[in-house]
Amino acid sequence: MTLPRWLGPGAVAFLLVWLLLLGAGRSRFFIDPGTFWHTTTGELILKDGFVRTDPYTFTFAGQWWVPYQWLGEVAMAGAHRVGGFDTQLLGAVTLLAAVFAWLAVRLWRTGLHPAVVASVVALALASAGSHFHVRPHLFTLAAMAAVAVALAEADVSRPKLNRLFWLIPLCAVWTNVHGGALGGIGTIGIVFAGWVLAWKLGRPAPVKNWRDAGLLLLVALGCGLSTLANPYGTDMVKTWLVIMNAGELREIIAEHRPFDVTASYAWPVLALALLYLLVLYGVKRSALRVSWLLPLVWLALSFSRCRHVSLFAVVTLVTVTAMWKHTRWALWLAARRPDLYQPGSARTRPWWAHVWAPALAVSLALGLQVARVPVPLIGSGWATHDPTAWPVDVLDALKEHEPRAGEPNRLFNSEYIYGGFVIYHAPGYKVFVDDRCELTGGPWLVNYVHAAEAPGAAVTDWQDRYGHFDFALTRTGTPFDEWFRAAPEWRPIKSAPTATFYTRRSH
């Protein structure tokens with residue numbers, strides 16, 4: 001089937017991914033607790049300016065805290081003002097669909113059959129999908145794809161290297177959106193160093209002289225210094241280092257844990273890794289480029305912390321595209337299976353052919369959400385919170401008893417992920433803890449998680465240190481829930497299969 005000239009494959013790829021993620025992400029994209037407090041923090045910055053101390057907990061109230069994703073949080077708050085969680089979901093899905101459609105078009109232009117392209121892109125999408133949440137981290141995925149494409153294209157076509165200076169403003173924006181900028185800058189530095197080394201060893205590289213090497217050094221220095229282009233200065237970098245050095249997080253936070261080859265999310269990642277290694281094996285050693293080894297770096301990082309699998313997926317998709325025509329497999333398919341691979345067969349289309357249909361679809365969805373028109377997938381009211389993950393069934397009780405200014409407001413939450421939920425939905429409470437590990441520190445958070453082994457002793461100790469709790473929100477059936485249910489000074493206000501809300505009997 002041949003598409004008309006006015007409809008590009010990028011538009012088709014975008015719409016397919018877009019609709020798929022809108023359906024699959026209705027509640028799945030809201031599993032991360034950061035979505036809630038990111039939105040609230042963005043709103044706080046828009047109203048009161050930059051935050052520098054913890055505004056949410058009573059355990060760390062007034063302590064140094066830097067919202068190191070402030071620009072992403074402001075964007076989330078802006079989307080929320082427009083159409084609530086529906087518009088946040090729309091923004092996240094649109095960004096992801098745009099990235100994967102762009103990468104799909106690049107692979108299609110090699111001459112591979114659309115079915116082959118769709119299969120490879122689907123594998124990359126499945127590999128990255130376990131980390132698709134409404135949060136600033138998605139910008140890191142998009143920015144890493146842009147960096148990987150820039151490096152891959154420079155590695156083969158050798159454009160003027162001064163064109164890579166655009167990476168500096170990208171890193172400056174990236175710094176203010178998400179701490180993944182550090183990974184992007186590291187990726188740029190690794191490839192630049194590899195190019196210089198390859199040049200000195202006589203291997204293929206875009207560097208041909210010391211002037212080229214000097215240009216790369218200037219770009220790398222500019223990218224590194226761009227991390228200081230933020231309202232918090234060196235405190236931003238300090239926060240990144242706190243998180244990176246908190247090895248304890250691998251024990252308690254799912255996305256910081258080492259890669260688990262037995263987990264369901266691992267199978268597409270391993271399949272994508274095998275595909276990459278197969279394509280890499282097909283490249284002649286004399287034609288090998290430095291940037292084509294980047295997936296090995298991100299695969300190793302993924303085994304260290306599984307949160308990196310989404311970056312491995314997009315870097316691998318870019319690299320497979322760059323390597324393909326240089327492999328023995330491409331020569332074999334072109335000669336024996338031209339129905340699957342025919343170099344030069346992709347028809348060139350104007351840029352607007354890839355854009356108009358996605359732009360129309362997104363505009364329609366945004367219009368429906370602004371007008372509060374309930375339409376499945378694209379309209380208002382589609383995004384929802386999973387009641388098995390969040391205490392939505394006791395939210396009415398939380399709001400009914402939400403403290404006013406000056407009233408007792410200390411709420412103990414037995415699950416740190418509940419902290420973000422309460423911060424957004426019932427901001428009159430001060431929570432005990434949330435998942436901002438840069439605030440609590442790794443050891444404190446680990447002790448909190450293990451305290452469920454002796455809940456009574458933990459509650460007594462914490463109340464001695466932080467003051468008496470006024471309310472409690474527990475996951476139903478957990479040791480903390482059983483302790484509060486049995487304690488004579490506490491009474492349940494509302495209990496549901498997922499969570500139970502308690503208050504002191506003196507209230």
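Predicted model: local features only at pLDDT ≥ 70, side-chain atom pairs only at ≥ 80, totals over all residues.

Reader: What makes the pair of Glu255 and Arg307 a salt bridge?

Author: The closest N and O atoms of Glu255 and Arg307 are 3.6 Å apart, and the rule asks for a side-chain nitrogen of Lys or Arg within 4 Å of a carboxyl oxygen of Asp or Glu, so the pair counts as a salt bridge. Glu255 lies in the loop between helix 10 and helix 11, and Arg307 in the loop between helix 12 (294-304) and helix 13 (309-324), so the pair ties together parts that are 52 residues apart in sequence.

Reader: How do you know whether Glu255 is buried or exposed?

Author: The relative accessible area of Glu255 is 15%, and because the limit for buried is under 20%, Glu255 is buried. Glu255 also forms a salt bridge with Arg135, with the closest N and O atoms 2.8 Å apart.

Reader: Why is Arg337 called partly exposed?

Author: Its relative accessible area is 35%, and because partly exposed covers the range between buried, under 20%, and exposed, over 50%, Arg337 belongs there. Asp339, at 42%, is partly exposed too, and the side chains of Arg337 and Asp339 meet in a salt bridge at 2.7 Å, N to O. Elsewhere, salt bridges that share partners join Asp32, Arg135, Glu255 and Arg307 into one network.

Note on methods. Residues numbered from 1 in each chain as written. Heavy atoms only, no water. Helix = DSSP H or I, 4+ residues; strand = E, 2+ residues; numbered from the N terminus. Buried < 20%, exposed > 50% of the residue type's maximum accessible area, 1.4 Å probe, protein only.
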